[in-house]
Amino acid sequence: MGKNVTIYTIAKEAGVSASTVSRYLTGSANVNEDKRVRIQQVIDKYGFRPSAIARNLSTQETKMLGFIMPDVTSPFYGTVFIGAEKQAIEYGYTLVLCNTNNDNIVNNTRMELKYIETLLEKQVDGLIMIGGHIDDLNIQQSYVDKLSKLLEDIPTVMINGEINGLDCYKVKANESLGLHALINYLVSLKHKKIGFIGGISNIQPTLRRLNIIKEALAENNLEFNDDWFIEDDFSIDAGKKCLEQLLQMKEKPTAVVCVNDLVAIGFIYAAKQFGLKIPEDISVAGVDNIYLSRYTIPNITTVDLNPRELGSIAVDVLVKHLQNQSPKKETILDTKLVIRESCISNP
C-alpha cells in the first residue's frame, strides 16, 4: 500500500517540509516531538518503507542555490547576481535565478512564494532573497507565517532587507555611511536646499534613505523640506515624472538625491528636454553605483553599495553554513561616495 507513497506525500499530509521528513527518516538531525509524531502517524498509516534515495536525501547536496529577485532587468540586482554567481561557481554550486516581476506590497504578483515552493521541490541547498517582500514596511502576518513555514528547513540569506520574526542570515550595505558622506559633500558645495526624489514610501529602502538624509542634514544644521520628497517608484521614468513635479514648485532645491541611479538617469535625461543644464541649474546624485552611472552626460555622483560583493558574501555565508562553519548572522558592508560630474558648487 505504501508503494506509491513518497516523502512528499508524507510531508504534505503531516504538514511539514519534505526535508523534515527526510531528516526524521535518517535521524541525521533533530526534529521536534510534535512533527515526529505527525510524520510517524502518516508512515504507519501507509506502511511506508523509504527507498535508499529517500533515506539519503538530507545528506545529499544538489549543489544548487536558489536566487530570488524582483526585477531581472535591474542593473543593481543583476550586478548582485553576477557577484553571487561568480562565488557560487568557485564553490562548485549552480545558482537558479527566479524573477518575481516586482512582487511586493505595491505590486502583488504572488510569484515569490510560488518560486520558493518550486525551489524547495528542486531540493536547492540554500536560498538567497533580494528585494520583493523582504523590503515591505508593512508586510502581512499571514504572509510571514507562510514564508516562515517554507523557510524553516533551508538556510536563507536576505540581502539589504529583512522580515521580523524570520531566522535568516542578513547581508547589508551600510547605506548610512555613504549617504552621510554624500550629504556632507553637497553641503561642502554650499547646497542648503537638498531634495530627495523617487522611491515608494512604504518600501524599506525609500524610508531608510530618506531618514538617513534627514539625519545628515540635521547634523549640518539644515532642515529637510518635506515638499522636496517626491515619491514615485525606482525607474528611469520616475526621474522624469519627479522632475516635472519639481518644476511646478515655487521654491526648488539646488540639489537632489535620487533614491537610485536609474531615477537619477531619468531626471538628467528629462532635464535636458526641459532646457535645464545639469549640474549648472541643479546638482543631481544617485545611489547604487550601477555601471550606467559612469556613462551618462554628465556622469553621476553616487553612493557605491558594492553590489557584486553583496552577492558574493551572500553565497559565502550560505556555503559556510552548509559546511557547518557557523557564519555570522549579519554581515554589514561599508559603502562609499563616488564623486563624478553631476554635482557642482552652488553659486
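1. What sits over the buried residues of α7? In this predicted model, the cover includes α6 (111-121), β3 (126-130) and β4 (156-159).

2. As for which residues those are, helix α7 spans residues 141-151, and its buried set is Tyr 143, Val 144, Leu 147, Leu 150 and Leu 151. They take up an arc of only 130° around the axis, so they fall on the same side of α7. Turn to the other side of α7 and you'll find Gln 141 and Lys 146, which are exposed.

3. Now over to the α10 and α11 pair. Helix α10 runs through residues 236-247 and helix α11 through 261-273; their axes come within 6 Å and cross at roughly 50°. That angle is why α10 counts as oblique to α11. The crossing itself is right-handed.

4. Who touches whom here? From α10 you have Ile 236, Ala 238, Gly 239, Lys 240, Leu 243 and Leu 246, and they meet Leu 262, Val 263, Ile 265, Gly 266, Phe 267, Ala 270, Ala 271 and Gln 273 of α11. Sorted by type, the residues of this contact come out as ten nonpolar, three polar and one charged.

5. Leu 243 is worth a click while you're in α10, the helix it lies in. Is Leu 243 buried or exposed? Its relative accessible area is 1%, and buried means under 20%, so Leu 243 is buried. Skipping neighbours within four places in sequence, Leu 243 is in contact with Phe 267, Ala 270, Ala 271, Phe 274 and Leu 276.

6. One distance to finish: Leu 243 and Val 5 are 238 residues apart along the chain, and 61 Å separates their C-alpha atoms.

Definitions and conventions
Residues are numbered from 1 along each chain as its sequence is written. This is a predicted model: local features need pLDDT of at least 70, side-chain atom pairs count only at pLDDT 80 or more; totals for chains, interfaces and linings use all residues. Side-chain values use heavy atoms; hydrogens and water are left out. Axes are lines fitted to C-alpha atoms, for helices over the stretch in contact, and angles run from 0 to 180 degrees between N-to-C directions. Helices (H or I, at least four residues) and strands (E, at least two) are DSSP runs, numbered from the N terminus. Angles under 35 degrees count as roughly parallel, over 145 as roughly antiparallel, 65 to 115 as roughly perpendicular and the rest as oblique. A crossing is left-handed if the near helix is turned anticlockwise from the far one by less than a right angle, and right-handed if clockwise. Contact means heavy atoms within 4.5 Å. Ala, Val, Leu, Ile, Met, Phe, Trp, Tyr, Cys and Pro count as nonpolar, Asp, Glu, Lys and Arg as charged, and the others, Gly among them, as polar. Buried means under 20% relative accessible area, exposed over 50%, partly exposed in between (1.4 Å probe, protein chains only). The arc is that of the directions from the helix axis to the C-beta atoms.
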